[in-house]
Amino acid sequence: MTIRFQLLIVVFCMSSFLSCPMFGQLIDDYSPIALKGEVPAEFLKRIKNNVKLEYDNSLRINSTQRKQFDIATEHALRKIFQNGNIYFNDPLTDYVRKVGDHILYNSNLKNDITFFVSRFNTPNATTWQDGTIIINIGLLAKLENEAQLAFALAHEVSHFIQQHPYLQYGRFVKKKEGTTTTNQPFVQNVDRTLIYELEADSIAVDLLSKANYNYHEGSKVLRILKGDYEKESIDFMSYLSSDKFEVTQKLLCKPISYRDYMESDDVNQKAILLTDIRQRRLIQRLSRIDIQPNLRLYILPERLFQKVKAIAHFEMVEQSFRASNFLRSTYEALVLLNTYPNNKYLNIKICENLYYLNSYNEMSIMNRIFFDQKRIEDDDYADFCCFINKMEQNDMRKMVSGLVKKQYQSYSSDDRMLITMAKTIEAVHDMKYAKSYYERYVKLFPEGEHFISAMKKLEQL
Amino acid sequence: MTNHFASFLLIISVTLFSACNTGRVYIDQTDSFEIAGKDIKHIISISPNFNLPATLDPIITDKRPVLSSRDAIWFYQTLTDNAKNHGIYLQIEGAAETIEGYNSNYFNYLAPLKREILQVLSLQDFEDVNPQNPDVKPTKKHQNGLIISSHYSHLAEKYGTPYFAIQGISFVPKNENGEQELLMAAALPTDNLSFVTVNVETVYYTVIVDVSLSQIVYREFRVIKINSNQKQFNAIINDSFSTIIK
């Protein structure tokens with residue numbers, strides 16, 4: 001064995017060793033992203049309205065209209081950033097910026113554009129005329145490789161290059177003034193949107209080509225945006241069953257019933273239609289390009305992408321929970337359990353979600369907290385929502401207490417599990433039975449996030 | 001009351017806000033607030049809103065006022081001065097205009113808490129939650145029980161008080177009859193511009209949460225004239241703090 005070969009083995013072993021804890025950590029547990037350190041200057045300036053909007057006023061809108069556009073942009077950005085919707089000093093943003101750097105390599109746009117990642121679950125990304133580009137965790141979690149992320153970012157960069165935010169505003173102003181006329185304003189708007197999207201797709205292909213990314217992945221991104229991708233199925237029947245309660249076929253909704261929950265409104269259908277057209281045009285364009293050698297799915301290590309994708313998905317669970325969208329949070333957790341069946345965070349988070357769902361069911365208001373109504377793409381999710389929504393109070397009580405008790409046996413030393421157990425026992429039985437769990441929490445977790453709440457409960461006895 | 005979370009009482013009915021002659025005032029508070037309210041000495045006010053119209057944005061055909069934050073610093077000062085006059089230390093956190101040394105605590109705890117307060121308010125009243133189903137009517141019957149997550153209770157220790165508030169002056173939409181919905185969630189500023197339409201009134205609002213009880217304990221909602229001057233605003237805020245410590 002040569003020394004060089006031995007060295008290679010050492011390097012390989014070390015890199016394997018270093019990469020293992022990342023996924024090892026996700027296999028066992030997950031800690032939601034906590035924002036740390038000093039708030040970056042580029043973040044603060046968007047809160048303090050210190051952004052600069054520079055654009056060529058090609059539509060010749062007047063100074064008042066320009067001011068209105070500037071104010072509207074600044075105000076929207078300020079709210080998004082101030083309300084804690086954007087991550088900073090975190091692994092997702094770091095990664096997205098690295099990919100963004102590759103796209104903008106050798107470009108004079110580097111100083112004009114800043115990439116951010118938002119906590120929003122919608123699979124989407126947005127561009128602002130000041131150079132802010134925000135990609136949602138909902139999109140990050142669904143992309144399949146780095147080249148697809150590069151396409152999504154390049155598409156947004158293209159919107160910025162072409163000044164599409166300004167043009168959209170400017171054309172609307174002109175139309176209102178009567179400078180342009182149409183008898184079919186909606187149709188014209190759709191066409192205009194489509195033109196901007198097609199332009200951005202086209203420029204994105206050029207940007208990816210220069211950066212050596214495989215631009216053929218672009219059409220797959222559009223497929224993902226349409227919701228047309230392979231979805232993981234979930235087995236909530238067996239997961240939610242326990243010795244206290246069994247989820248049987250009889251309790252499930254029939255497909256004809258749960259399809260009522262799936263998206264059907266006209267706006268969504270039109271959005272899908274637009275994406276369809278984009279996809280066809282893109283495929284046409286790509287078919288005309290000579291095959292370029294050495295196009296890559298990954299420029300950064302693949303494992304980095306896989307890690308970021310997984311973290312984004314875990315964050316979807318956490319952010320849905322924080323937004324009180326307990327059905328979505330439970331569903332995403334169940335999907336992740338396919339890959340990480342023993343993940344403590346996921347198992348406990350489902351219990352926490354179900355505790356709140358049960359609370360709403362106790363108040364007979366389940367049908368009103370269904371945030372995703374008519375916007376569901378997945379059969380499994382629609383089935384799950386339908387099942388939870390039509391559940392009898394008594395059944396849900398048994399199901400939730402059964403599951404929480406089952407998980408408590410595995411995670412009784414975890415503070416979140418213990419407090420969920422205490423709250424569930426209190427809700428399903430009464431405080432007399434829950435007392436010992438609250439006492440245990442107070443004893444074991446004097447620094448715990450729920451400590452004061454648990455103390456108050458005991459004081460009220 | 002046996003259930004602590006079933007303690008929301010509507011204690012002050014709809015009255016004209018005669019002191020300033022500027023509009024209507026709606027207040028509700030819990031039993032626990034009635035007891036503790038008298039001893040409130042310290043409130044954390046999370047990034048108060050001060051949004052008054054600067055211009056009308058033509059993007060949404062004159063229906064959406066572009067909001068400006070003019071005079072926000074004056075507003076914060078008026079809030080803290082009036083609180084002080086009533087023996088309350090009002091600590092403003094997360095206000096963009098005043099805070100230089102932003103720290104992560106605001107983004108990790110206070111901004112999510114503010115979102116959650118708005119979310120719970122929304123769930124309690126169910127206005128617009130299910131707009132696609134006209135059969136589901138808005139109701140005010142579910143103010144009991146819905147709670148802020150208990151993991152925010154540790155903030156009571158971190159900030160030295162269990163009371164956290166969202167406050168501000170903002171636009172709210174009217175309902176179909178042109179009337180203001182009492183304490184409806186959509187009426188409270190969600191920082192979501194889509195809620196703002198031309199059919200609006202201006203409100204001053206305060207919602208106080210006791211994080212140790214995981215409860216919204218006090219809600220106040222005053223409809224005011226859009227052209228109220230600083231003196232009138234000051235009187236409104238002064239009266240609000242008088243009510244809080246009553």
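Here are some quick notes on this predicted model, from confidence to one helix pair.

1. Confidence first. The mean pLDDT of chain A is 86, and 87% of the residues reach at least 70.

2. Two stretches deserve a caveat. Residues 10–22 of chain A stay under 50 in pLDDT, and the model gives them two contacts beyond four places in sequence.

3. On the overall make-up: chain A has 20 helices and three strands. It runs to 461 residues, of which 44% count as buried. If you take the contacts in chain A with a separation of 6 or more, 71% of them link residues 24 or more positions apart.

4. Now the helix pair. How do α17(A) and α18(A) pack? Helix α17 of chain A spans residues 393–411 and helix α18 of chain A spans residues 415–428; the angle is about 150 degrees and the axes are 10 Å apart. Angles over 145 degrees count as roughly antiparallel, so that is the label for α17(A) and α18(A). Their crossing is left-handed.

5. Which residues make that contact? From α17(A) come Arg397(A), Val400(A), Ser401(A), Val404(A), Gln407(A), Tyr408(A) and Tyr411(A), and they meet Met417(A), Thr420(A), Met421(A), Thr424(A) and Val428(A) of α18(A). By type, the residues of this contact are seven nonpolar, four polar and one charged.

Key: Residues are numbered from 1 along each chain as its sequence is written. Chains are lettered from A and ligands numbered from 1 in the order in which they are written. This is a predicted model: local features need pLDDT of at least 70, side-chain atom pairs count only at pLDDT 80 or more; totals for chains, interfaces and linings use all residues. Helices (H or I, at least four residues) and strands (E, at least two) are DSSP runs, numbered from the N terminus. A residue is buried if 20 or more other C-beta atoms lie within 10 Å of its own, exposed if 12 or fewer, and partly exposed in between; C-beta atoms are placed from the backbone. Two residues are in contact if their C-beta atoms, placed from the backbone, lie within 7 Å. Axes are lines fitted to C-alpha atoms, for helices over the stretch in contact, and angles run from 0 to 180 degrees between N-to-C directions. Angles under 35 degrees count as roughly parallel, over 145 as roughly antiparallel, 65 to 115 as roughly perpendicular and the rest as oblique. A crossing is left-handed if the near helix is turned anticlockwise from the far one by less than a right angle, and right-handed if clockwise. Ala, Val, Leu, Ile, Met, Phe, Trp, Tyr, Cys and Pro count as nonpolar, Asp, Glu, Lys and Arg as charged, and the others, Gly among them, as polar. pLDDT is the predictor's confidence in each residue, from 0 to 100.
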